[in-house]
Amino acid sequence: MAAERVVEVKNKQVLFKDYVRGFPKESDMCITTEKTISLKVPEGTKGVVVKNLYLSCDPYMRNLMNKSEIDGFFSSYSPGSPITGFGVAKVIDSRDPNLKNGDLVWGTTGWEEYTFIKEPASALFKIEHTDVPLSYYTGILGMSGITAYAGFHEVAKAKKGEKVFVSAASGAVGQLVGQFAKLMGCYVVGCAGSTHKVDLLKHKFGYDNAFNYKEEHDLDAALKRYFPEGIDIYFENIGGKMLDAVLLNMRNFGRIAVCGMISQYNLENPEGVKNLMEIIYKRVRIKGFLYFDYLPQYSKVLEIILPLIREGKMKYIEDIVEGLENGPAALVAIFSGRNIGKQVIKVAQE
């Protein structure tokens, strides 16, 4: 019997060049088409080969450009290797008993046209619902959705009528948190970095109010305008001076869910926070969390969010760029706020 023919193809990739200091640049990455990949899974493994369709640009990826490891959850990118991140893909070949050729999946994949994933059980989720855009699984139906739901409901333990402040509120997570708050009957204010984004918060996502933090010279005074009685819940995405001002405006027994601190990611010397005594006086609870912590609740998150999307009760904005070659520019753009909504790269046709 003739041996099965192994099909090899050129595999366009985004390679990480070297560790980064300060703000990342497009030149910290490069495009290559020199490598080939077999579209057949090697014998003796239980892996899968996938064709990547959409890739997600996320702020945490900046931390992986440092020469460090974060408590075993994330490992730094290796110079000369493809960048990795969340994406949506189609299974081309599978030796995993739970995945078959043609299945759609989301999870951790490479920034390349095709990826061999050795351990799909720990990296991929099978997509069962295709009546919504597949790109949504890079965000609202993937990591961003889990993060927003868990941070607001499980970490902050929100209650009806509470006063909620969300920073970086027009981003992939923030736009969802505000809508969860409104669905619960909370008063919610968000901040963003442009007039257009502020308008989106108020008129698209239903925020009660919003402001451009870049135009505020006194963040403490700005928060007092929108929260004269103080803040019950702060969903933290920025850190630094914003967190310092929020601490002055928290109510007694307030809760702060720490999702990210994007203002600090590109600093060689992170900013200090001065108003920490407010945590004691006001008995504020601050808790950081990772989306990994709440993966066991993914099915619950889908049960809640999918009907809201289908019924038009939850809005979602994506900023989709075409072509893997435009990936470096798209990733760099999120650190200057040039994207509107969730930044996604479309790699191939569905």
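Biologist: Let's start with Q264. Where is it found?
Modeller: Q264 sits in the loop that runs between β16 (250–258) and α7. The element names come from DSSP runs, numbered from the N terminus: helices are H or I with at least four residues, strands are E with at least two.

Biologist: What should I keep in mind about the model itself?
Modeller: It is a predicted model, in which local features need pLDDT of at least 70 and side-chain atom pairs count only at pLDDT 80 or more, while totals for chains, interfaces and linings use all residues. Residues are numbered from 1 along each chain as its sequence is written, and side-chain values use heavy atoms, with hydrogens and water left out.

Biologist: Thanks. Is Q264 buried or exposed?
Modeller: Q264 is buried, at a relative accessible area of 12%. Buried means under 20% relative accessible area, exposed means over 50%, and partly exposed is in between (1.4 Å probe, protein chains only).

Biologist: And what does the side chain of Q264 reach?
Modeller: The backbone nitrogen of E271, at 2.7 Å. Beyond four places in sequence, the contacts of Q264 are I238, G239, G240, P270 and E271, where contact means heavy atoms within 4.5 Å.

Biologist: N212 next. Which strand does N212 lie in?
Modeller: N212 belongs to strand β14 (residues 209–212). With 9% relative accessibility, N212 counts as buried.

Biologist: Which backbone nitrogen lies 2.9 Å from its side chain?
Modeller: That of K214, at 2.9 Å from a polar side-chain atom of N212. Leaving out neighbours within four places in sequence, N212 is in contact with A192, G193, S194, T195 and V198.

Biologist: Switching to helices. At what angle do α2 and α8 pack?
Modeller: About 95°, with the axes of α2 (residues 143–155) and α8 (residues 298–310) 10 Å apart. That makes α2 roughly perpendicular to α8. Axes are lines fitted to C-alpha atoms, for helices over the stretch in contact, and angles run from 0 to 180 degrees between N-to-C directions. Angles under 35 degrees count as roughly parallel, over 145 as roughly antiparallel, 65 to 115 as roughly perpendicular and the rest as oblique.

Biologist: Which residues make the contact?
Modeller: From α2, G145, I146, Y149 and E154; from α8, Y298, K300, V301, I304 and I305.

Biologist: What about α3, why is it largely enclosed by the rest of the structure?
Modeller: Because eight of the 10 residues of α3 (residues 174–183) are buried. The buried ones are G174, Q175, L176, V177, G178, Q179, F180 and A181. The cover over them includes α2, β12 (163–166), β13 (187–192), β15 (231–236), α8 and β19 (342–346).

Biologist: Which residue other than glycine has a positive phi near 50°?
Modeller: K157, whose phi is near 50°. K157 is in the loop between α2 and β12, and K157 is partly exposed at 48% relative accessible area. R283 has a positive phi too, about 55°, although R283 is not a glycine. R283 is placed in the loop between α7 (277–281) and β17 (285–288), partly exposed at 43% relative accessibility.

Biologist: Last one: what does E26 touch?
Modeller: Beyond four places in sequence, E26 touches P328, A329 and V332. E26 lies in the loop between β2 (13–16) and β3 (29–32) and is partly exposed at 45% relative accessibility.

Note on methods:
A polar contact is a pair of N or O atoms within 3.5 Å; within protein, one must be able to donate a hydrogen and the other to accept it, and residues adjacent in sequence count only if both atoms are side-chain atoms.
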